[in-house]
Amino acid sequence: MILQFIISLLLWPMAEENYFSQSFAKNQFSSTFASPAPDEGAEAGEAEIDVGEIIFEHIGDEYEWHITEWKGKPVAIPLPCIVIDGGVHVFTIHHAQENGYTLNEDGKLVNAQTGKRPIDLSITKNVLALMMSSLLLLVIVLCTARWYKKHDALKEAPTGLAALMEPLILMVHEMAKENIGPDYRKFSPYLCMAFLWILLNNFLGIMPFFPGGANLTGNIAITLVLALFTFFIVNLNGTKHYYKEIFNPDVPVFLKPVMPLIEVFSAFMKPVSLTIRLFANMLAGHIMILSMVCIIFIMAKYGPLLGSSMTVVSVLFGVFLDALECLVSFIQAYVFTTLSCIYIGLARAHEE
């Protein structure tokens, strides 16, 4: 419980930075998802649908949480913008100009006069999603622990929430036992927290309505911090044999100057692989689902026959992708936890 709270605080400053989806990805993929040019006979003033903008608006971070539209007006939750720039300034994004700030091309707050970014500690959409999901996971874990405190698990089968959580926790428990070894219990709390947190946020990201829809595990800053936790746990708990194999491996003499460089590079590539795998898979899933939805609006202007037929195809493919994304959400949480177990197990190895 304490570990979950600490990790949430450490992730806060990182949650508002989605570098890939806010800048690089938008520039790279906008042309790919751009809708075809309207016909010459189209009515004047007909707005062309910018699919790339729609997609990256949904998967990117924002200073407000858009819920829906009602009678042509957006319904959104205004979030507090907190910046440190010659003092602490608190305002909502709708009052940014009054306080001397504006948004740059990446959608981040900058000083309107200097054009420089201040220290931004705003409660953005991703930060709020991080807080809510961490709180929800905390409640789930405490409710599960409360059931076991009041019941004898050896004589009574778990019910309700405990029945749902027990197989997941036992799965991670056995995973750690098989890959880490005798002292696996020391690392089980972190592994369980990582698995449940990733799984919960993956499922929340698929939900199309509040409080879901935030692209938290598709944010490279979030996945990087999670991977760094595994990296530090691995290397701070490494045995003498682990470091001997890195810096003084049992190889021929002519390979001894080369092998440490390769091993150190390999050690730093492990968190990179964890980061990219989780981030890329979840981001790609969001993009595919949103692309299927946008096809409906793109084809609508080509007539009712083509529009209605493509709507059916888009809905069917959208449902299939949603089901596939649920499976991917579990698999990615499982893979991240499994690889973390393997990396920790390799660091805890002893010389035979």
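Trainee: How many cavities of 30 Å³ or more does a search of the whole structure find?

Mentor: The search finds one. This is a predicted model, where local features need pLDDT of at least 70 and side-chain atom pairs pLDDT 80 or more, while totals for chains, interfaces and linings use all residues. Residues are numbered from 1 along each chain, and side-chain values use heavy atoms, without hydrogens and water.

Trainee: What makes a space a cavity rather than a pocket?

Mentor: On a 1 Å grid over the protein atoms alone, a cavity is a set of points where a 1.4 Å probe fits but cannot get out; a pocket is an open set with protein on both sides within 12 Å along at least five of seven lines. The largest cavity has a volume of about 60 Å³, and the largest pocket about 1,100 Å³.

Trainee: Which element gives the largest share of the lining of the largest cavity?

Mentor: Lining residues have an atom within 4 Å of a point. H7 gives five residues to that lining; the residues lining the cavity include Phe 231 and Tyr 343. For the largest pocket, the largest share is nine residues, from H9.

Trainee: Why is Val 313 called partly exposed?

Mentor: Buried means under 20% relative accessible area and exposed over 50%, with partly exposed in between (1.4 Å probe, protein chains only). Val 313 has 34%, so the residue is partly exposed.

Technical notes
Points joined across faces, edges and corners; volume = space filled by probe spheres on them. Helix = DSSP H or I, 4+ residues; strand = E, 2+ residues; numbered from the N terminus.
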